[in-house]
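Please keep the sequence and the structure in view while reading.

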Amino acid sequence: MQISSPIAPISSFGFSFIFSQTSISFPLHIIFYHFYNYYYYSIVNTMAIECITSKNHMNQPSKQNHDKNEDEESSLVFDASFLKHQLNIPKQFIWPDEEKPCMNVKELDVPLIDLKNFLSGDPFAAMEASKIIGEACEKHGFFLVVNHGIDAKLIEHAHSYMNDFFEVPLSQKQRAQRKTGEHCGYASSFTGRFSSKLPWKETLSFQFSDEKNSPKIVKDYLCNTLGEDFEQFGDVYQKYCEEMSTLSLGIMELLGMSLGVGKDCFREFFEENKSIMRLNYYPPCQKPDQALGTGPHCDPTSLTILHQDQVGGLQVFVDNEWHSIRPNFNAFVVNIGDTFMALSNGRYKSCLHRAVVNNKTTRKSLAFFLCPKGDKVVSPPSELVNDLTPRIYPDFTWSMLHEFTQKHYRADMRTLEAFTKWIQQKSG
């Protein structure tokens, strides 16, 4: 079927389409097709720019006596399937000029520690590795480990299974929605906690316990939250966390040796650890010079073992400038956190770092955050305290610091300082 028309403006879809004065025929289905596409993508753009604020209210209990702004902030949702294509990003994801990322930064010279001989029991290799680690931790707290004993297939599976979760529709991911004040579950950015300087990422976090009475805590959580279809998903991350815990205890031996307190000091402190595993998923952003995947912060935990994919995006602040850490799929990036900085009485540094995004490729990373049991008192060994190096931080437990960062303070480079003041105010 064809139609012909004199000059006739059509503006139902927000623009004028004028046919020629001479009779030109258009197939009707082509006109409808173009009108439909324009109308559909106009709606998609509007929805994305408003950050898909129509969040599923069935997952959110109704609340009264809320300020209008608080209601708007709590309804903000980061739907990557829409936002990754948008040229204009919501203002909540635009960072201040002084914190906006630099794409072309110098690469950080990070020591590469070969653990093969250390893991086989070579005492000389242990001493050499501990010396190199100590030097790195006094300067910036970052180093790489290779020949770490983790099965390459397990690492590959841990990365591939991330796609199975993050690439499903938002409504399915929200089955594992992270609740306010908790650290486990799915988070689309951190829209439920903050209203500005939001990170351009999605995460799935869950707890791991090395205690003997909780052998399958990761698998049980993932299956109970996401359903039995995720049983193999749970198996992979249960095994991955167990391997990360073992590796972290080995690194703790080297840290103890480097500080002169013996290899067993910190290993024993972190046995039966209650740690956190996080899957980070950074979708493309069409304004990568305005957004950040993760804002500048120091990890409040004890030790982070990170595995990057090949995309890159990790940056570390050293000598008053940002540096990148090149991806190495055969290596883990290890860095000191605030809790261990307190354990070392400030000798080892918890360094400021962030993640940048790009406009083409999704970036993924696996982060294992080693944490002591909640009731363990964080206090430096006596060998690290004397008249020349007095105590810097008060005694605290990891559960206290964790509560502080979840409910009272957004982690940054001054977390430990702010936490110390908070403890003093509570005790005073």
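Val334 touches Gly141, Phe142, Phe143, Val145, Ile251, Leu303 and Thr304, leaving out residues up to four places away in sequence. The model in which these contacts are found is a predicted one. Val334 lies in strand β13, which covers residues 332–336.

**Two residues and their surroundings**

- Val334 counts as buried because its relative accessibility is 0%, and buried means under 20%.
- Along the sequence, Val334 and Gly141 are 193 residues apart, yet their C-alpha atoms are 8.1 Å apart in space.
- Glu272 is placed in the loop between α10 and β8.
- With a relative accessibility of 27%, Glu272 counts as partly exposed.
- Not counting residues up to four places away in sequence, Glu272 touches Asp210, Glu211, Lys212 and Lys373.

**The chain as a whole**

- The secondary structure comprises 13 helices and 17 strands.
- The chain has 428 residues, of which 50% count as buried.
- Among contacts in the chain with a separation of 6 or more, 75% are between residues 24 or more positions apart.

**Nonpolar cores**

- In soluble globular proteins, nonpolar side chains tend to be buried together.
- The largest nonpolar core has 91 residues, and those with the most contacts inside it are Leu204, Phe233, Tyr237, Leu255, Leu279 and Phe340.
- Helix α9 gives the most to this core, contributing twelve residues.
- Tyr237 is in contact with Ala158, Tyr161, Met162, Phe206, Val218, Leu222, Leu279 and Leu366, if its neighbours within four places in sequence are set aside.
- A second, separate core has 15 residues, including Ala80, Leu83, Ile89 and Ala187.

**Packing of α6 against α9**

- Two packed helices are described by the angle between their axes and the distance between the axes.
- Helix α6 (residues 152–166) packs with α9 at an angle of about 135°, and their axes are 10 Å apart.
- This angle makes α6 oblique to α9.
- The two helices α6 and α9 cross in a left-handed manner.
- On the α6 side, Leu154, Ile155, His157, Ala158, Tyr161, Met162 and Phe165 take part; they meet Gln232, Phe233, Val236, Tyr237, Lys239, Tyr240 and Glu243 in α9.
- The residues of this contact divide into ten nonpolar, two polar and two charged.

**Packing of α9 against α10**

- Helix α9 (residues 231–258) and helix α10 (residues 263–270) pack at an angle of about 140°, with a distance of 6 Å between their axes.
- Helix α9 is therefore oblique to α10.
- The crossing of α9 and α10 is right-handed.
- From α9, the residues Leu249, Gly250, Met252, Glu253, Leu255, Gly256 and Met257 meet Lys263, Phe266, Arg267 and Phe270 in α10.
- The contact of α9 with α10 is made up of six nonpolar, two polar and three charged residues.

**The buried side of α12**

- Helix α12 (residues 398–407) has these buried residues: Trp398, Leu401, His402, Phe404, Thr405 and Gln406.
- Among the elements covering the buried residues of α12 are β8 (274–282), α11 (338–343), β16 (377–378), β17 (396–397) and α13 (415–427).

Note on methods
Residues numbered from 1 in each chain as written. Predicted model: local features only at pLDDT ≥ 70, side-chain atom pairs only at ≥ 80, totals over all residues. Heavy atoms only, no water. Axes fitted to C-alpha atoms, helices over the stretch in contact; angles between N-to-C directions. Helix = DSSP H or I, 4+ residues; strand = E, 2+ residues; numbered from the N terminus. Parallel < 35°, antiparallel > 145°, perpendicular 65-115°, else oblique. Left-handed = near helix turned anticlockwise from the far one by under 90°. Contact = heavy atoms within 4.5 Å. Nonpolar A, V, L, I, M, F, W, Y, C, P; charged D, E, K, R; others polar. Buried < 20%, exposed > 50% of the residue type's maximum accessible area, 1.4 Å probe, protein only. Core = buried A, V, L, I, M, F, W, Y, C linked by side-chain atoms within 4.5 Å.
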